[in-house]
Amino acid sequence: MTLPIHNQTLCEGVKFLSLPDDRFKTVCLTVALFLPLEEATASEQAILPFLLRRGCAAYPDFTALNRQLNRLYGARVSGEVSRIGESQVLLLRASSIDDRYALDGEPVSAAVAELLRGMLFEPALENDLFREADIEQERRCLLEEIESEINEKRLYARHQCEKLVCEGERYAVNRYGTVDGVKALTARQITDAWKRVLATARVQIIYQGNQDSAAISAAFAAAFNAFERAPVTCGTEPAMPQRDAELKNRTEEMAVNQCKMVLGFRLGITEPAKQALSARLMNALFGATPYSMLFKNVREKMSLCYYCSSTYDRFKGILLVDCGVEYDMIDKARSEILRQLRLLQGGIVTDEDLESARRAVITQFSSVDDLQSTQSGWYLGYALLPDFVTPVQAADHLADVTLAEVVAVAKKVTLDAVYILKGTEGGETDE
């Protein structure tokens, strides 16, 4: 389905994207604030969405807030922190039933939008500061988020490899900040961060629903225009060129049964480069699908790994291959992964494998508009780019990508770092 998309600039650094769609019974509103991911500010910014979702001046506690949400037919609000390239993204979201399904056509969507606007610009403060009790609760939750990463061994290993490849770059900073940074947060520091974010963030607001969004966009435009805006520069930034010819290796021991190996590659292709789409197809062919070379050969045919897959970050230009493997099979697995890459770089690929990968990616693109969550996620990926591409357009363009273009991209892939998470005797079972 081709969406009648309307994109407008509300003020400097603030865009409002309307995605009218009558297939859904709900209206969703997302406010995304993009900021450079810096270790010095990551923690104080990361706690903000979770504090802001707790209420606002009009509904200053959970009891009052929940009563209002219930009045709005069980509307929901949430906060989240994400990372897109080297940007930290603070997200506030609200969803409600479409006005078509409200009694007597009540303007539920407008009321929910006003609630979200109040949370962002008029939070529940005490003596002009965020409340200590709220901070303590959200501090504990944020610390749990940071510390829980170690329990997700596959994710932990991937992050450690990212740090090796992008050492000294913003990409290596945790989107939630650090344990020490979160513990040290003060009410004054967080409040100052909130004001700074409103004045400096690049903002993308996305409205998904069947109502006219003009009044909602006007309300947010007035709110942002009340600030003296000086938006920061955010964008896609390829990983720095390899600084030396020596491969970076790191092995860490942990009480796990299954070793993890992550190979970090530089590709240097990021959005909005034309080759980014070819790189996405190359990644699908190499290791991102059940039809990929890594899955079929390294995992299935040779049984060298419990899992083996690749991911390509099109906003940073790096590619990771991660696998679960027995320690005594690491060298064999690594050699075979690199051999499969050389085959791809040489164009030694069957037509069947290429078309299977193409169909998998096109299917993925085609399903984006099936859910409002994936739809908003798609367009958030284009928030910092000069223009956006719809899923339908991306699928059409992907259909024209040739094997030669895939091979040309594959030849740019160079190994930069290897991270190994080695299990110790008597290690715990892990996923």
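## Terms and basis

Helices (H or I, at least four residues) and strands (E, at least two) are DSSP runs, numbered from the N terminus. Cavities and pockets are found on a 1 Å grid over the protein atoms alone: a cavity is a set of points where a 1.4 Å probe fits but cannot get out, and a pocket is an open set with protein on both sides within 12 Å along at least five of seven lines. A residue counts as lining if it has an atom within 4 Å of a point. Grid points are joined across faces, edges and corners, and a volume is the space filled by probe spheres set on the points.

The model is predicted: local features need pLDDT of at least 70, side-chain atom pairs count only at pLDDT 80 or more, and totals for chains, interfaces and linings use all residues. Residues are numbered from 1 along each chain as its sequence is written, and side-chain values use heavy atoms, with hydrogens and water left out.

## Cavities

Four cavities of 30 Å³ or more are found in a search of the whole structure. The largest cavity has a volume of about 60 Å³. Its lining includes Leu33, Pro49, Leu91, Trp194 and Val197.

Helix H2 (48-52), strand S5 (87-97) and helix H8 (187-200) each supply at least two residues of this lining. By class, the lining has 11 nonpolar, no polar and no charged residues; here Ala, Val, Leu, Ile, Met, Phe, Trp, Tyr, Cys and Pro count as nonpolar, Asp, Glu, Lys and Arg as charged, and the others, Gly among them, as polar.

## The largest pocket

The largest pocket has a volume of about 950 Å³. It is lined by 35 residues, of which Arg280, Tyr312, Asp313, Arg314 and Phe315 are the closest to its centre. Among the elements that give two or more residues to the lining are helix H10 (275-288), strand S11 (307-313) and helix H14 (372-380). H14 gives the most, with five residues.

The lining of the largest pocket divides into 16 nonpolar, 11 polar and eight charged residues. Domain 1 (7-225) and domain 2 (248-423) both contribute to this lining, so the pocket lies between them; the domain bounds come from an automatic or database domain assignment.

## The second largest pocket

The second largest pocket holds about 690 Å³ of space. Of its 26 lining residues, Glu149, His159, Val173, Asn174 and Arg175 are the closest to its centre.

Strand S4 (76-84) and helix H6 (153-165), along with helix H5 (132-148), each supply at least two residues of the lining of the second largest pocket. H6 gives the most, with six residues. The classes in this lining are nine nonpolar, seven polar and 10 charged.
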